[in-house]
Amino acid sequence: MHQVPDDFFARAPELVAPELLGARLLVDGCGGDIVETEAYALGDEASHSFRGQTKSNAAMFGPPGTAYVYRSYGLHWCLNIVCELGSAVLIRALHPIDGLDVMAARRRISDPRLFCRGPGNLCQALNVTIALNGLLVTQPPFLISLAAAHPEIAAGSRIGITKGRDRKWRFVIPGSPYLSRPLRPPTPIGSSSVKG
DNA sequence: CCGAAGATCTGCT
DNA sequence: GCAGATCTTCGGC
């Protein structure tokens with residue numbers, strides 16, 4: 001584990017996203033190791049930045065390393081880390097390690113595999129809300145340490161989007177029990193399943 | 001000015 | 001596998 005270099009996030013999100021796998025993400029000392037990320041680029045029709053800067057997505061146009069937190073479906077919060085201008089990496093799941101009892105209480109469940117399974121659950125477990133929007137993830141209450149060694153990485157289609165499904169910008173540690181969904185093998189032509 | 005859509009999650013069938 | 005919960009911005013009329 002080591003410090004994040006100053007220019008780490010000042011790159012294309014599809015390069016940063018796989019490198020965040022295995023990194024430890026803590027918020028006020030609570031969190032664990034990232035096992036699933038997705039990249040959203042500027043000019044990417046699936047990205048919130050696609051139609052330009054607005055009030056709600058302004059953090060996406062902030063400096064690299066900025067936290068972009070948005071509300072999803074009126075209920076959940078989701079955490080992104082801004083990369084080069086107008087792009088970001090969505091943190092989708094992590095392996096809970098520190099503050100397990102706190103996360104259990106926030107999530108009101110006891111199975112650690114479910115604490116941070118999916119972007120909404122992750123934010124509930126780490127107490128990430130709009131209050132953290134616009135803050136730098138290289139500063140408190142955030143703490144990010146990159147993995148000492150690169151873990152095994154696999155890529156697939158992003159989840160829950162209707163546009164931009166062609167890009168294989170979902171990155172996971174294959175076989176991890178903490179993924180929001182398992183990574184499925186490439187879908188044969190003509191299959192009923194579309195999601196990867 | 002109004003309403004459709006949305007980077008989700010849970011519980012029930 | 002699917003519908004419902006729930007809210008806010010922004011795009012279109």
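Predicted model: local features only at pLDDT ≥ 70, side-chain atom pairs only at ≥ 80, totals over all residues.
**The surface near DNA strand B**

- In total, 21 residues surround DNA strand B, and the closest of them are His48, Tyr70, His76, Asn80 and Gly120.
- Of the atoms of DNA strand B that lie within 4 Å of the protein, 56% belong to sugar or phosphate, while the rest belong to bases.

**The surface near DNA strand C**

- Around DNA strand C are the residues Arg51, Thr54, Lys55, Ser56, Tyr73, Gly74 and Leu75, and sugar and phosphate account for 68% of the atoms of DNA strand C that come within 4 Å of the protein.
- These residues divide into 2 nonpolar, 3 polar and 2 charged.
- A backbone N or O atom of lysine 55 lies 3.1 Å from a phosphate oxygen of DNA strand C, while a backbone N or O atom of tyrosine 73 lies 2.5 Å from a base oxygen of DNA strand C.
- Glycine 74 has a polar backbone atom 3.3 Å from a sugar or linking oxygen of DNA strand C.

- Just after helix 3, asparagine 127 takes a positive phi of about 60°.

**The nonpolar cores**

- In soluble globular proteins, nonpolar side chains tend to be buried together.
- The largest nonpolar core here holds 45 residues, of which Phe9, Leu20, Leu25, Leu79, Ile91 and Leu126 touch the most other members.
- Apart from this core lies another, of 12 residues, which includes Tyr40, Met60, Tyr70 and Cys78.
- If its neighbours within four places in sequence are left aside, phenylalanine 9 is in contact with several residues, among them Val4, Val16, Leu20, Pro64, Ile81, Val137 and Ile144.

**Salt bridges**

- Side chains of opposite charge can pair when their charged atoms come close.
- A search of the whole structure finds 8 salt bridges, one of which joins the side chains of arginine 11 and glutamate 19, at 3.2 Å from N to O.
- Arginine 11 counts as partly exposed because its relative accessibility is 23%, and glutamate 19 is also partly exposed, with a relative accessible area of 30%.
- Arginine 24 forms a salt bridge with aspartate 33, and their closest N and O atoms are 2.8 Å apart.
- In this pair arginine 24 is partly exposed, with a relative accessible area of 23%, whereas aspartate 33, at 17% relative accessibility, counts as buried, since the cut-off for that term is under 20%.
- The side chains of glutamate 36 and arginine 92 meet in a salt bridge of 2.8 Å, N to O, and this pair links distant parts of the chain, with glutamate 36 in strand 2 and arginine 92 in strand 5, 56 residues apart.
- Glutamate 36 and arginine 92 are both buried, and they belong to a network of salt bridges that links Glu36, Glu38, Arg92 and Arg170.

**A buried serine in a loop**

- Serine 157 is found in the loop between strand 7 (154-156) and strand 8 (170-172), and it counts as buried because its relative accessibility is 9%.
- Serine 157 and tryptophan 169 are 12 residues apart in sequence, and their C-alpha atoms are 6.0 Å apart in space.

Key:
Residues numbered from 1 in each chain as written. Chains lettered and ligands numbered in written order. Heavy atoms only, no water. Helix = DSSP H or I, 4+ residues; strand = E, 2+ residues; numbered from the N terminus. Near = heavy atom within 4 Å. Core = buried A, V, L, I, M, F, W, Y, C linked by side-chain atoms within 4.5 Å. Buried < 20%, exposed > 50% of the residue type's maximum accessible area, 1.4 Å probe, protein only. Contact = heavy atoms within 4.5 Å. Salt bridge = Lys/Arg side-chain N within 4 Å of Asp/Glu carboxyl O. Polar contact = N/O pair within 3.5 Å; in protein donor to acceptor, adjacent residues only side chain to side chain. Nonpolar A, V, L, I, M, F, W, Y, C, P; charged D, E, K, R; others polar.
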